[in-house]
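Subject: Structure handover and findings

Hello,

Here is the structure I promised to pass on. My notes follow below it.

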Amino acid sequence: MAYDIWFNGKLIPHDEAKIHVLSHVIHYGSSVFEGVRCYKTERGSGIFRLREHTQRLFDSAKIYRMDIPYSLEELEAAQIETVQNSELESCYVRPVVYRGAGPMGVNPLNNPVEVFIAVWEWGKYLGDDALERGVDVQVASWSRMAPNTLPAMAKAGGNYLNASLVKMDAVLNGYSEGIMLSTDGFVAEGSGENLFLIRGGTIYTAPVGFSLLPGITRDAIITIARDLGYKVEEKSIPREALYLADELFFTGTAAEVTPIRSVDKHVIGSGQRGPITEKIQDAFFDIIQGGNDTRGWLTKVRVGEGVTA
């Protein structure tokens, strides 16, 4: 089913959401976007970390000199409106800011900045059983882009050409996902996920300086893990450490918390979800499914009649 799309200030029918073929974004990848989830919890529907996602959208736009013609609060309200209008109790939310039709050429400064927000139903990104059984992955032949080439802290459309190469290779080779290394050969992240490694009870993840997207779910998992009493360190992780890990897992809005059961056909731990990963998953899903949110991470959304978080 197709749902109405918020476009430049108003909701329009799905099939009317169109842009011109000479829009700058089509030719030069000049867009920034977010991936957000609205969850149906036991206490109603709520959008997970709406403020943080919307702030990152504005940060990404600022890096690319894109002046969003709406305030942060207006785009928060627009996302809520789009979800409520869809009447979906649980959905994926995709706000996009892009350069529209105008002068052709690399220079985008005279092209209009436009905004749309779409929602759709999206299940488990890496498979319905991935959260329990884990996924098989490979180390990608494509590296994460080098610092000072493209701004990795911006969630920009053009950056995902790098990710698409990694994802296509993984799928064609029979894996669910690929893990990118930095240009120095250290572990960076997946094509659309951040990565955590557990060894000897300590949780490790790569620093943002390795051209990572600073994931909002990544930040939530670091907070949850520390609250559970685990030590979390951001440090350089060599490739071979992946093979020696007790546990590995991906995080992201789409992937949530997904265990990794093998890397390059090296079995990780017992070959299934590990105990620490499971505890972190349980705590995370207690928030997004149980609605037990003590940190203010869920924004209440009224969907349909009488459904209120």
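Is Asp129 buried, partly exposed or exposed? At 39% relative accessibility, Asp129 is partly exposed. The cut-offs are under 20% relative accessible area for buried and over 50% for exposed, with partly exposed in between (1.4 Å probe, protein chains only).

Some ground rules. This is a predicted model, in which local features need pLDDT of at least 70 and side-chain atom pairs count only at pLDDT 80 or more, while totals for chains, interfaces and linings use all residues. Residues are numbered from 1 along each chain as its sequence is written, and side-chain values use heavy atoms, with hydrogens and water left out.

Salt bridges

Side chains of opposite charge can pair when their charged atoms come close. The criterion here is a side-chain nitrogen of Lys or Arg within 4 Å of a carboxyl oxygen of Asp or Glu. That rule gives 16 salt bridges.

- Asp129 bridges to Arg133, at 3.0 Å from N to O. Arg133 is partly exposed too, at 48%.
- Asp227 pairs with Arg295, and their closest N and O atoms are 2.5 Å apart. This pair links distant parts of the chain, 68 residues apart: Asp227 is in helix H6 (216–227), and Arg295 is in the loop between helix H8 (275–288) and strand E17 (298–301). Asp227 is exposed at 53%, whereas Arg295 is partly exposed at 31%.
- Arg49 and Glu52 form a salt bridge with a closest N to O distance of 3.2 Å. Arg49 is buried, at 6%. Glu52 is partly exposed, at 29%.

Helices (H or I, at least four residues) and strands (E, at least two) are DSSP runs, numbered from the N terminus.

Largest pocket

A pocket is an open set of points on a 1 Å grid over the protein atoms alone, where a 1.4 Å probe fits, with protein on both sides within 12 Å along at least five of seven lines; lining residues have an atom within 4 Å of a point. Grid points are joined across faces, edges and corners, and the volume is the space filled by probe spheres set on the points.

The largest pocket has a volume of about 520 Å³. It has 31 lining residues, and the closest to its centre are Lys155, Tyr160, Ser191, Gly192 and Glu193. By class, the lining has 11 nonpolar, 13 polar and 7 charged residues. Nonpolar covers Ala, Val, Leu, Ile, Met, Phe, Trp, Tyr, Cys and Pro; charged covers Asp, Glu, Lys and Arg; the others, Gly among them, are polar. Helix H5 (160–172) gives the most to the lining, with 4 residues. Other elements that supply at least two residues each include helix H2 (50–63) and strand E6 (91–99).

Strand E15

What encloses strand E15 (256–263)? The rest of the structure largely does, because 7 of its 8 residues are buried. Two strands pair if DSSP finds at least two bridges between them. The partners of E15 are as follows.

- Strand E8 (135–139) pairs with E15 in the parallel sense, over 3 bridges. Val135 stands opposite Ile260.
- Strand E14 (247–252) pairs with E15 in the antiparallel sense, over 4 bridges. They form a hairpin with 3 residues between them. Phe249 stands opposite Pro259.
- Strand E16 (266–267) pairs with E15 in the antiparallel sense, over 2 bridges. Val263 has His266 as its bridge partner. This hairpin has 2 residues between the strands, and Asp264 takes a positive phi near 50°.

Best wishes
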